[in-house]
Amino acid sequence: MSMLWRAVETLLLIEVVFVLLLCIPSPAWRQVVVRMLPLFRQPSVRKAVIACQALCAILFFDATNGILRSQSHQFFADSPDSMQEKAPYNLMRKFRTERNAHISGFCLLLLFLINRMALSVQEFEDTRKKLSEKTEQVRLLSDQLEARAAATAEERAAHRQHHSSQHTSPTTTGDSNSLRQRRQQETS
């Protein structure tokens, strides 16, 4: 394996570890990830990620092209004897190109996945912050509403007490009977 493919394999292993770390559901770990996210927004880091994506894409297409070339060479062999002599070499070369295609393709996929996961975590944190702000606003408005409701209830109670002291109702049964008689006479 050449140095370039060793570098891609190392990048793949680093990406796998990073994806696993992003998937840890611990709130404490989420805070660590949130603190690290601004580092990935720096222009130099973004350029390095784009360069890695471009390199993996080029290597993936080169490995795919190698797979297609090895398949076409099998059908256009010079003679059956030369085909038997080259069979182990062709199988080894085909295995290498398929392995390289898998490594570079998976590395490219994980780069896109990490980018999307980082964006999702950032969006989640922004939404969580907005939600906590809105929750605090709702709590303050609820407290204000409760205070107004209590003040209004006190005002109504005072108003009712004031009106009930102004209006005296007949307390004796004789007075209530005389009122009933007057109402009956007025209606008849």
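Begin by selecting Phe18, Leu21 and Leu22 in helix α1, which meet Trp29, Val33, Met36 and Phe40 in helix α2; contact here means heavy atoms within 4.5 Å. The model is predicted, so that local features need pLDDT of at least 70 and side-chain atom pairs count only at pLDDT 80 or more, while totals for chains, interfaces and linings use all residues. Residues are numbered from 1 along each chain as its sequence is written, and side-chain values use heavy atoms, with hydrogens and water left out.

Next, display α1 together with α2, which covers residues 27-40. Helices (H or I, at least four residues) and strands (E, at least two) are DSSP runs, numbered from the N terminus. Two packed helices are described by the angle between their axes and the distance between the axes. The axes of α1 and α2 come within 10 Å and cross at roughly 130°. Each axis is a line fitted to C-alpha atoms, for helices over the stretch in contact, and angles run from 0 to 180 degrees between N-to-C directions. The two helices α1 and α2 are therefore oblique to each other. Angles under 35 degrees count as roughly parallel, over 145 as roughly antiparallel, 65 to 115 as roughly perpendicular, and the rest as oblique.

**A nonpolar patch**

Now select Val17, Leu21 and Ile24, which make a nonpolar surface patch of about 220 Å². Patches are made of residues with over 30% relative accessible area and no salt bridge; like charges are joined within 9 Å, and nonpolar side chains (Val, Leu, Ile, Met, Phe, Trp, Tyr) within 5 Å. Accessible areas come from the Shrake-Rupley method with a 1.4 Å probe, and for residues only the protein chains shown count as cover. Val17 is placed in α1, which spans residues 3-22. Its relative accessibility is 48%, so Val17 counts as partly exposed. Buried means under 20% relative accessible area, exposed over 50%, and partly exposed in between (1.4 Å probe, protein chains only).

Move to Gln53, which lies in helix α3 (residues 43-75). Gln53 counts as buried because its relative accessibility is 13%. Leaving aside neighbours within four places in sequence, show Leu108, Leu111 and Phe112, with which Gln53 is in contact.

**Salt bridges**

Side chains of opposite charge can pair when their charged atoms come close. The structure holds 4 salt bridges, each a side-chain nitrogen of Lys or Arg within 4 Å of a carboxyl oxygen of Asp or Glu. Select Glu9 and Arg6, a bridged pair whose closest N and O atoms are 3.4 Å apart. Both residues lie in α1, 3 residues apart, about one turn of the helix. Glu9 is partly exposed at 26% relative accessibility, and Arg6 is partly exposed at 46%.

Then go to helix α4 (residues 80-166), where Arg139 and Glu136 lie 3 residues apart, about one turn of the helix. In their salt bridge, the closest N and O atoms are 2.4 Å apart. Asp143 and Arg139 are separated by about one helical turn because they are 4 residues apart in α4.

**The whole chain**

Finally, show the entire protein chain, with its 5 helices and 0 strands. Buried residues make up 19% of its 188 residues. The accessible surface of the chain comes to about 14500 Å², of which 63% belongs to carbon and sulfur atoms.
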